[in-house]
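Biologist: Hi, I'm new to this one. Can you put it up and walk me through it?

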Amino acid sequence: MDTQTTLDLGPPTLTATSAARRLGLSVSYLNKPCAAGQGPAHHRYGRRSVFHIADLDAYAAAHRVEAAPVSSKQGGEA
């Protein structure tokens, strides 16, 4: 009987370099909040960090800043 084994590799992951590029940051800038426990969720394997794409997207969404609404009043009108 021929059986095939499929490994579940889990969600796609990125290295710190690729994760920083995806967020538009330098690797050192990404490492600072991660070291303080305030960066995106990640897994540490020794000195190596890997990031799930979904965690990076959630981190980016949590740090989104909305533009302030523009007032419709013109200057000089009372």
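Modeller: A term to start with: a contact means heavy atoms within 4.5 Å. With that, residues 24 or more positions apart account for 46% of the chain's contacts that have a separation of 6 or more.

Biologist: Okay, and what should I know about where the numbers come from?

Modeller: This is a predicted model, where local features need pLDDT of at least 70 and side-chain atom pairs count only at pLDDT 80 or more, while totals for chains, interfaces and linings use all residues. Residues are numbered from 1 along each chain as its sequence is written, and side-chain values use heavy atoms, with hydrogens and water left out.

Biologist: How many helices and strands does the chain have?

Modeller: The chain has 3 helices and 3 strands, and from the N terminus the order is β-α-α-β-β-α. These elements are DSSP runs numbered from the N terminus: helices are H or I with at least four residues, strands are E with at least two.

Biologist: And how much of the chain is buried?

Modeller: Of the 78 residues, 18% count as buried. Buried means under 20% relative accessible area, exposed means over 50%, and partly exposed is in between (1.4 Å probe, protein chains only).

Biologist: Which residues make up the largest nonpolar core?

Modeller: There are 8 residues in it: Leu14, Ala16, Ala19, Ala20, Leu30, Cys34, Phe51 and Leu56. Helix H1 (16–23) and helix H2 (27–35) are the elements that give two or more residues to this core, and H1 supplies the largest share, 3 residues. By a nonpolar core I mean a set of buried Ala, Val, Leu, Ile, Met, Phe, Trp, Tyr and Cys residues joined through side-chain atoms within 4.5 Å.

Biologist: Let's pick Leu56. What is it in contact with?

Modeller: Skipping neighbours within four places in sequence, Leu56 contacts Leu14, Ala19, Arg22, Leu23, Pro40 and Phe51.

Biologist: Where do H1 and H3 meet?

Modeller: On the H1 side it's Ala19, Arg22 and Leu23, and they meet Ile53, Leu56, Asp57, Tyr59 and Ala60 in H3. The two helices pack at an angle of about 35°, with their axes 11 Å apart. For that, axes are lines fitted to C-alpha atoms, for helices over the stretch in contact, and angles run from 0 to 180 degrees between N-to-C directions.

Biologist: New topic: how many salt bridges are there?

Modeller: A search of the whole structure finds 2. A salt bridge here is a side-chain nitrogen of Lys or Arg within 4 Å of a carboxyl oxygen of Asp or Glu. One pairs Asp57 with Arg22, with the closest N and O atoms 3.1 Å apart. Asp57 is in helix H3 (residues 53–62) and Arg22 in helix H1, so this pair ties together parts that are 35 residues apart in sequence.

Biologist: Are those two buried or partly exposed?

Modeller: Partly exposed: Asp57 has a relative accessible area of 38%, and Arg22 has 44%.

Biologist: What about Glu66 and Arg64?

Modeller: Their side chains meet in a salt bridge, 2.7 Å from N to O. Glu66 is exposed at 58% relative accessibility, and Arg64 is exposed at 60%.

Biologist: Is His52 buried or exposed?

Modeller: Buried, at 16% relative accessibility. His52 lies in strand S3 (residues 48–52) and touches Pro11, Pro12, Thr13 and His43, not counting residues up to four places away in sequence.

Biologist: Last one: where is Gln38?

Modeller: Gln38 is in the loop between H2 and strand S2 (43–45), and counts as exposed at 58% relative accessibility. Leaving out residues up to four places away in sequence, Gln38 touches Pro33 and Tyr59.
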